[in-house]
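Here is a short briefing for a first look. Start with the sequence and the model below.

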Amino acid sequence: MGFFKRKPAEKKVPEGRVEGFYKVTGSGKYAAEYKIDNVCYAVLVGSTIAAGEITDINVENAKQVEGVLDVLTHRNRPQIPAFADEAKAKRSGFSLPVLHTKKIFFRGQPIALVIADTLEDANYAASLVTATYKTATAKVDFDSAHASVPATAAGKERGSMDAWKNAPHIREQAYTIRHQVHNPMEMHATIAVWESDNKLKLYDKNQGVNSVQQTISRLFEIPAANIEVFSEYVGGGFGSGLKVWANVPLAIMAAKQVSRPVKLMLTRPQMFTLVGYRPQSWQNVKIGADANGKFLGILHQAKHGTAVFDNYSEGITRISRLVYNFENLKTEAATVPLNLGAPTWMRGPGDCTGAFALESAIDELSYDIKKDPLQLRLDNLAVINDPDTGKPWSTNFLNECMTKGAEMINWKSRNPIPAQHKEGDWMIGYGMANGMWFAGRSKASASIIMQKDGTLTVQTAMTDIGTGTGTGMQNIAHDRLGISHDKIRIRLGNSNLPAAPSQGGSTGLSTISGAVAAVCDALKTKLAGYAASQDAIYKDAKPETIILSDNGVSFQQAENHFISFDKIFSKENLQTIEVEASSGPGEERQKYAFCSGASHFCRVKVHTKTGKVKIDRHVCVVDAGHVVNKLAAANQVSGAAVGGIGMTLSEEQLTDNTHGVFIGADLAGYHFAVNADAPIIEVDFINKIDPNINPSGAKGVGEVGIIGAAAAIANAIYHATGKRLRDLPITPDKVLLA
Ligand code: MOS
């Protein structure tokens with residue numbers, strides 16, 4: 001369980017995913033799929049109002065249902081120790097409602113948890129729970145709420161607004177993006193097992209087992225070491241798995257109440273209200289340039305929704321500080337509290353939203369100036385220094401991304417004048433935009449267990465949310481050690497393994513690559529130590545001078561110093577060799593700024609009679625440092641770009657503003673981009689090593705594949721039709737009415 005080892009048939013394809021066989025055959029287990037003895041099922045009941053408080057709740061009918069073990073409400077739930085009083089609850093840093101209050105903050109907020117022997121019984125009983133409420137006025141409409149919330153300074157300014165007030169070209173526009181939800185394939189689920197009074201096992205869908213372990217330790221006041229969290233296979237993340245949601249403590253409380261393991265899996269509609277979303281946003285961008293198109297200044301203002309009970313703020317304006325040289329810059333931001341569930345990081349949070357406005361505004365300016373939008377950007381790029389910190393970029397090849405992408409899509413063949421190219425009923429247009437994302441890295445640990453036959457298990461608590469982390473780790477271990485891929489197993493997603501941060505912010509591989517490199521060196525050093533007792537040449541051997549093969553160790557290229565693993569294990573009387581190491585960022589973070597970059601190019605067809613937009617081609621060229629595994633990296637970019645297509649053309653969760661209820665909150669009502677909506681995404685990489693970031697030279701990939709995608713598409717729609725659309729998603733009605 002949880003061991004990734006390539007199947008023999010995959011040997012010929014070293015880029016294949018280490019977890020592929022297990023995911024495809026269904027033998028890899030997602031959180032809700034573990035078979036636990038004596039497990040029972042919990043089903044959540046949500047409030048039917050969006051604001052107010054519960055005056056009465058009737059659970060008697062539900063309790064009569066055969067097989068029902070108990071029904072938890074705010075009246076009878078076991079106490080979460082960290083919520084013992086209000087002051088304590090505040091300090092816990094956990095602000096989600098978990099049956100600890102009768103107050104209602106959003107529609108769908110858990111008001112009861114029905115626990116039964118079977119899921120069917122629990123579901124039926126849940127339908128019988130009723131509540132009465134004292135209703136308060138709910139604010140769910142971002143559009144009307146944000147007007148009364150002023151934006152304030154969002155970071156240090158550069159220069160002054162006055163310096164460019166008379167710029168020959170000034171463009172000022174507002175851009176909006178609707179509420180969007182993550183909805184990965186795998187729904188959030190938790191199985192909670194109390195092994196004793198203060199010992200817990202959690203099988204949970206998340207992006208970071210150690211983070212869940214720490215949060216639960218804090219809430220339930222039990223030592224982290226007594227909590228084991230499994231998230232060995234993850235069916236998509238998108239950010240919703242970065243936070244501990246109500247389902248985790250609720251499953252734990254239920255398991256305590258009935259003294260049995262409890263499984264709680266959210267329904268698809270509950271995925272819309274209980275595990276975060278990308279908040280609706282409004283942005284205003286004012287941008288100025290001189291007659292030649294040199295950027296003189298920018299004002300970027302942004303507001304987005306948040307929950308009344310949990311303030312979440314994402315850095316929408318940050319991207320404006322990074323990509324281009326604006327001598328004069330001012331950014332302002334605000335959050336707008338609403339009676340909705342809590343928002344959270346989603347697919348390139350902040351920058352993805354910000355890039356739509358920034359890269360649209362730049363495009364608008366380019367047509368004002370009558371300058372090629374590609375050239376305008378190239379002329380203003382900040383590829384030497386990070387304009388925000390003044391530090392030199394460690395590496396930044398965004399200019400090369402742009403040049404390469406332009407070649408791939410044949411940008412120069414494009415008519416600079418919009419709305420000129422028609423094929424039958426379709427208008428054709430080209431657009432481009434840039435994206436950037438911080439290339440972060442944190443500290444992590446990994447260990448290796450070596451068997452006598454030279455088989456290795458490389459392991460860490462980090463999860464793999466489908467990004468290819470495990471595969472990348474195998475590639476790095478192979479490169480570092482020389483042992484063949486099929487002898488390297490990967491084990492992930494268990495909090496008992498060496499500690500690692502959550503997989504998020506496209507930092508996973510960058511973070512873990514350092515630990516894998518360090519633990520590979522530790523293995524070499526350990527083997528050299530054993531070898532030294534048989535051959536003195538190994539006495540002062542450094543990891544660089546040790547060469548491993550599938551069978552043994554040798555010193556540099558000298559064949560005659562070969563010692564087999566078998567001999568080492570026998571002589572030392574070893575069953576296994578185990579080493580562990582940690583690695584994290586250091587001084588380089590003081591010296592340099594780090595970023596990944598992407599340039600998106602898009603060819604769209606817009607139907608003149610129906611307003612339908614078809615993405616004909618989408619090219620994405622990425623600077624993500626050294627590409628450790630091209631297949632996995634390209635897969636991240638392509639998935640991200642498809643997410644960008646959904647974000648631009650169809651994704652929006654609408655709210656009935658009278659009742660605070662989501663309309664069509666399921667996968668039939670909420671439209672993701674599917675295969676029919678996306679062409680094969682044409683992905684390429686600059687693939688130049690970043691020498692400072694970590695031992696692998698790889699920068700983050702995933703999120704930069706969506707940041708900028710929306711603007712590239714919207715810009716292409718403008719080029720096709722002459723219609724500028726500033727409100728996402730760009731649905732056919734908006735295209736026709738513009
Ligand atoms: Mo990502 S939004 O950091 O999982």
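Tyr 34 is buried, with a relative accessible area of 5%. Buried means under 20% relative accessible area, exposed over 50% and partly exposed in between, with a 1.4 Å probe and protein chains only. This is a predicted model: local features need pLDDT of at least 70, side-chain atom pairs count only at pLDDT 80 or more, and totals for chains, interfaces and linings use all residues. Residues are numbered from 1 along each chain as its sequence is written, and side-chain values use heavy atoms, leaving out hydrogens and water.

**Aromatic pairs**
- The structure holds 20 aromatic pairs. Rings of Phe, Tyr and Trp (its six-membered ring) pair if their centres lie within 6.5 Å; planes under 30 degrees apart count as stacked, over 60 as edge-to-face and the rest as tilted.
- One of them is the tilted pair of Tyr 34 and Phe 230, at 6.2 Å centre to centre and 45° between the planes.
- This pair links distant parts of the chain, 196 residues apart.
- Phe 230 is buried too, with a relative accessible area of 9%.
- Tyr 538 and Phe 555 have ring centres 5.9 Å apart and planes at 85°, so this pair is edge-to-face.
- Both Tyr 538 and Phe 555 are buried.
- Ring pairs also link Tyr 34, Tyr 203 and Phe 230 into a cluster.

**Whole protein**
- Of the 738 residues, 61% count as buried.
- The C-alpha trace spans about 80 × 75 × 50 Å along its principal axes.

Notes. Helix = DSSP H or I, 4+ residues; strand = E, 2+ residues; numbered from the N terminus.
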